[in-house]
Amino acid sequence: MPPLDPGEYSIAELGPELKDVEDVDELEAILEAEKEGEDRTGAVTLIESRIEKFSEDGEDGDTGDLDPGDMSVADIGNAVRDIEEVEDLEALLEAEEGAEDRDSAKRLIQKRIDDLSESEDDGEEEEVEAESPEERHPELDHPTNDKRHVRAIDDGTYEDMWVYCETQQGDMLDVSREMLGKARELMDQYNEDYGEAEQVVAVLVGDDVEKHTEECIELGADVVVTAEDDRLGRFRHKPYTRIFCDMARWGGDPGEGNPDPAEWRDYDEPRYVLFPATNNGRDLSALVQAELDSGLASDCSGLYIEDAEISNPVKTGEPGTTKTFDRILHMKRPDFSGFEYSTILCIDNPHRDFHPQGGSVIPGSFEVPDPDPDREGEVVEWDGDIDDGWFRVEVTDHDVLDEGVDLTGNEVVVAMGRGIGDNPTKGMELGIELADCFEEADVGVTRGIVTGSYQFDANVEQYTHEERQIGETGQVIAPDLYIAAGISGAVQHKVGMDDSDVIVAINTDPDARIRDFSDYFIEGDLFEVLPGLIDAVESGDVSEALAAVAAPGGGGDD
């Protein structure tokens, strides 16, 4: 039997589960089980890449054992990174020419040869000359030159962290409050580390948004910049993007067509900028960062600022060298493989700057700070012109859609995972019945339930929709009690419920990852455990029932 059954996990959940499996024989057993079961292309690729990684770890890097005729181009690309001798690489190149003679493989080997040759060159480094897009590609048109805001800045001045505080129907969203608190924390540490006095700048755009300025200051803003107009009551791409970009350039010196001078600031653009990863925030963040000719890390759940050492020649301008970039905003998000978090950096090139360094933040990633009514700050009103042409589309009528299910206000949440597979409808019925035993409780599900091919009866089908999904791409909740039934504990799910006061997990696998961050772990089949919990809750003996059947989890104090 393999150490885990891949059929019990979605592809997104399988990645984190495989992270702790390093034995090639065990991985091959898992691969065989997948092929004999669902045989999903994505799952097979994940397992094979894991096998490839640990098969390569056992090699000593001796090119004498490398036969390019038996290797894919990807295999060659991985192998050459560990070869330090130009002679060995030249031998490998000759072998490739005599075998498959693949252009892509030969380019990989030759690039490694060139990199090593340049790094060993003791001569004077030749300064890299910057070329404009027109010089590099004279045969192409360059229509972006006519856009007002897309202008790369070289050696500009940057300060402050800007936070776009989104409002809807007159209310400021909680994620805006979270970002203000995190921005305050980041900039306080930044000023201490770098001996600066840079500020947190809150941005409010809309109709009747000035009423939120005081709250923004209480939550950590030093300056609040507002743009208020009754035409901005509904989010619109064109005016919101134009206004934000004009604010960002306000008082700067980016070249021809400079905005008006600003009395409250004298830098070219913000150093950092944060947006909420909401529907509107995602739209605005991508548009603004493109207009400002910078990059964007989307859907982040972790942020910190520190220096970074980079050896990429695109960034250093000199192959074979390492350069330290200071004051870099590190933006963490789960990577696409599901194995672990990726950290995204927005770093300048030798002859152009990428500012602001920007990211969008998943709601619920940070705590809402306590307001400080004694804080003082400055309110600045943007007085630019709003072009009527920005409102070419007019909304004459609209209906408010059902807002769906909000799990965040419940004291208890019962979450159901892929462990219901033996009898999906019965499993959901048990979860609903347990939630009904509490006054403020509801039922949530994992992404595996939402995207799986389960067949549910009509009486429970409404509880399996995406609106009830908990995790990185769903709701982020922090109830008093979180009961996870048949959930393995993938990192994407952990993000959505890790702040719960008490976590009770039910799983047949004693080594399930969720055990590491549970307060109570019940090893057992949810179809057998949940009826006992229901009886215990109804009789008022929950603590005794847990003590009788649960082992302490890795995250508890017991």
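Visitor: Which residues in H13 meet which residues in H17?

Guide: This is a predicted model. From H13 come Lys-426, Gly-427, Leu-430, Gly-431, Glu-433 and Leu-434. They meet Leu-526, Phe-527, Leu-530, Pro-531, Leu-533, Ile-534 and Val-537 in H17. By class, the contact has 9 nonpolar, 2 polar and 2 charged residues.

Visitor: At what angle do H13 and H17 pack?

Guide: H13 (residues 424-436) and H17 (residues 526-539) pack at about 20°, with axes 10 Å apart. Angles under 35 degrees count as roughly parallel, so H13 is roughly parallel to H17. Their crossing is left-handed.

Visitor: Now H10 and H11. At what angle do their axes cross?

Guide: Roughly 50°. The axes of H10 (residues 237-249) and H11 (residues 279-291) come within 9 Å. That angle makes H10 oblique to H11. H10 passes H11 in a right-handed crossing.

Visitor: Which residues make the contact between H10 and H11?

Guide: H10 gives His-237, Tyr-240, Thr-241, Arg-242, Phe-244, Cys-245 and Arg-249. H11 gives Asp-283, Leu-284, Leu-287, Val-288 and Glu-291. By class, that is 6 nonpolar, 2 polar and 4 charged residues.

Visitor: How far apart are the end C-alpha atoms of H8, and what span should its residues have?

Guide: Work from 1.5 Å a residue. H8 has 21 residues (174-194), so the helix should span 30 Å. Its end C-alpha atoms are 30 Å apart, which agrees.

Visitor: Which residue follows H8?

Guide: Gly-195. Its phi is positive, near 65°.

Methods: Residues numbered from 1 in each chain as written. Predicted model: local features only at pLDDT ≥ 70, side-chain atom pairs only at ≥ 80, totals over all residues. Heavy atoms only, no water. Helix = DSSP H or I, 4+ residues; strand = E, 2+ residues; numbered from the N terminus. Expected span 1.5 Å × (residues − 1). Axes fitted to C-alpha atoms, helices over the stretch in contact; angles between N-to-C directions. Parallel < 35°, antiparallel > 145°, perpendicular 65-115°, else oblique. Left-handed = near helix turned anticlockwise from the far one by under 90°. Contact = heavy atoms within 4.5 Å. Nonpolar A, V, L, I, M, F, W, Y, C, P; charged D, E, K, R; others polar.
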